[in-house]
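This briefing is meant for someone meeting the structure for the first time.

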Amino acid sequence: MKTVALIDFSHALRVNYHVRSPDSTPTHAGEQTLAQLSDWRRNVDHTIICLDSPPYWRKQVLPTYKSSRERDDGYIMLCKWTKERLQSDGYSIAAAPTFEADDVIATLALALRTKFQRVLLVGGDKDMSQCVT
C-alpha cells in the first residue's frame, strides 16, 4: 500500500522542546524530533516535512495573530539547526510563503489523495481534521 506522511515540523519540534528535561540542551529536542521523523520515514513510502513560512498572511488581516506566543532565542536557533539537518538528511520539504504548515498539509493532502492510497496527517492542529475523509 502506498502511503505518504505529511508532517507538521513546527508541532513536532515544539512538543519535544517543551517536554525536554531541564538539564538537557535544546539540541536534544532537535535530536528527538529527528529520531521521530526518521521513525515515520521508515514506516511509510514517502514523507514530506511541512514548514511554517512567516510572516503569515493572517497577521495582515488580524495584527494580533499569534502575538501571545513567545519564542526564545534557543528555540529559534534550534529550529534553524534542525531544518538544516532535515535538508542534509534528504527529506522532502514543503513550504509556501506566508502560510503555516497546516495550510501546506491541507493543500498537499488534497493534491496527493489520488497518487497515494493513504495520506497520513501528522500534527497537533485540530483544523487538520477537516482533511480527514
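**Helix packing and overall fold**

The axes of helix 2 and helix 4 (residues 73-88) cross at roughly 35° and come within 9 Å of each other. This is a predicted model, and the protein chain in it holds 5 helices and 4 strands.

**Helix 2 with helix 4**

- The crossing that helix 2 makes with helix 4 is right-handed.
- On the helix 2 side the contact is made by Pro-26, Thr-27, Ala-29, Gly-30, Glu-31, Leu-34 and Leu-37, which meet Gly-74, Leu-78, Trp-81, Thr-82, Arg-85 and Leu-86 of helix 4.
- Sorted by class, the residues of this contact between helix 2 and helix 4 comprise 7 nonpolar, 4 polar and 2 charged ones.

**Helix 1 with helix 2**

- Helix 1 (residues 9-19) packs against helix 2 (residues 26-43) at an angle of about 135°, and their axes lie 8 Å apart.
- Angles over 145 degrees would count as roughly antiparallel and those from 65 to 115 as roughly perpendicular, and helix 1 and helix 2 are therefore oblique to each other.
- Helix 1 passes helix 2 in a crossing that is right-handed.
- The contact of helix 1 with helix 2 has 5 nonpolar and 5 polar residues, while charged residues are absent from it.

- The 4 strands form an open sheet in the order 3-2-1-4, and their pairing is parallel.
- Strand 3 (92-94) and strand 4 (118-122) are the edge strands, each of them pairing on one side only.
- From one strand to the next, the twist averages 25°.
- Strand 2 (residues 46-50) runs parallel to strand 3 and is joined to it by 3 bridges, and Ile-48 stands opposite Ser-92 in strand 3.
- Helix 1 lies across strand 1 (3-8) and strand 2, and it runs at about 60° to strand 1.

**The chain as a whole**

- Read along the sequence, the protein chain follows the pattern β-α-α-β-α-α-β-α-β.
- The radius of gyration of the protein chain is 15 Å, close to the 14 Å that the globule rule gives for 133 residues, so the chain is as compact as a globular protein of that length.
- The C-alpha trace of the protein chain spans about 45 × 40 × 25 Å along its principal axes.

How values were computed: Residues numbered from 1 in each chain as written. Predicted model: local features only at pLDDT ≥ 70, side-chain atom pairs only at ≥ 80, totals over all residues. Heavy atoms only, no water. Axes fitted to C-alpha atoms, helices over the stretch in contact; angles between N-to-C directions. Helix = DSSP H or I, 4+ residues; strand = E, 2+ residues; numbered from the N terminus. Parallel < 35°, antiparallel > 145°, perpendicular 65-115°, else oblique. Left-handed = near helix turned anticlockwise from the far one by under 90°. Nonpolar A, V, L, I, M, F, W, Y, C, P; charged D, E, K, R; others polar. Pairing = 2+ DSSP bridges. Contact = heavy atoms within 4.5 Å. Rg over C-alpha atoms; globule rule 2.2 N^0.38 Å.
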